[in-house]
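Good morning, everyone, and thank you for coming.

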Amino acid sequence: MRLVKQSKGNWQYHLNHNEADILLGLVKKFPFTELSQIKISKTDNEPATVERGKLLNESLAEHRKALKTLAMNLLGNEKWQPSGEGQLLTLDSGSREILLQILNDIRVGCWHALGEPEVLESPAAHSSRKDLTYRKLMDLAGYFEMKFLEPEV
Amino acid sequence: MPSILEPATIPKPVIVKETSSDDDRAPTFYVICWNDPVNLMVYVTHVFMKIFGWEKQKAQKHMLEVHEKGKSALAREGMEKAEFYVHELQKYKLHATMEPAE
């Protein structure tokens with residue numbers, strides 16, 4: 001996968017067939033994990049802050065639902081064009097951000113599901129099938145994040 | 001009969017003396033981003049640039065602070081704005097909280 005063109009808030013990437021299939025699969029099956037509850041503050045436990053935290057979590061849950069809908073739009077043919085040995089994916093700035101949020105939701109969600117390991121090394125030999133799937137999804141999401149942001153490195 | 005109803009008297013303008021306002025005394029919060037091993041450095045930099053409108057250099061400085069010191073204070077704001085930033089950062093799945101400044 002590589003950036004082909006960037007102009008006026010539009011990005012065009014070339015993906016080989018395998019990459020295109022995997023990316024579409026990730027977007028199509030999103031979300032893979034339960035949404036984790038977050039704390040709005042580590043030190044402020046005032047009732048008002050706790051209440052705001054609840055609202056924040058509700059809002060994030062709504063946002064995730066919206067991402068799912070927007071994700072389906074990313075599957076639309078108008079964004080994809082066959083090109084030689086693969087596909088061209090054209091994204092405007094907003095769609096690119098949605099895709100990045102989806103990919104990182106997958107990555108971070110899988111990390112939570114794995115028990116939030118401090119070290120992200122190769123999976124242990126005794127890992128369960130489920131854990132191996134989470135690990136693979138996390139790596140794939142990270143791969144695409146890197147590729148989408150590579151021009152910014 | 002007048003075609004337009006007019007007030008009998010012109011209301012006097014309300015003059016407010018400039019003293020310390022409620023806003024001055026309102027609590028402020030630090031928007032903190034915490035380190036974790038899962039968010040990629042390039043991704044964190046991108047999100048900071050996007051949300052705060054920072055130049056890449058400033059975004060990278062804060063990203064490195066998160067990475068090396070475990071956290072970085074990204075902004076100091078009133079409650080509403082701090083909450084807004086935490087929400088935006090959390091949409092991108094960064095570990096962000098707001099902590100009272102005093």
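Predicted model: local features only at pLDDT ≥ 70, side-chain atom pairs only at ≥ 80, totals over all residues.

Residues are numbered from 1 along each chain as its sequence is written, and chains are lettered from A and ligands numbered from 1 in the order in which they are written.

E4(A), residues 86–92, runs antiparallel to E2(A) and is joined to it by seven bridges, where strands (E, at least two residues) and helices (H or I, at least four) are DSSP runs numbered from the N terminus, and two strands pair if DSSP finds at least two bridges between them. E2(A), residues 10–16, is also joined by five bridges to E1(A), residues 2–7, again antiparallel, and here Arg2(A) stands opposite His14(A). Between E1(A) and E2(A), which form a hairpin, there are two residues, and Lys8(A) in that turn has a positive phi of about 45°.

Turning to chain B, we find four helices and three strands, which follow the pattern α-β-α-α-β-α-β along the sequence. How many residues of chain B are in contact with chain A? There are 18, in contact with 28 residues of chain A, where contact means that the C-beta atoms, placed from the backbone, lie within 7 Å. The largest share of that side of chain B, five residues, comes from H4(B).

Technical notes
Contact = placed C-beta atoms within 7 Å.
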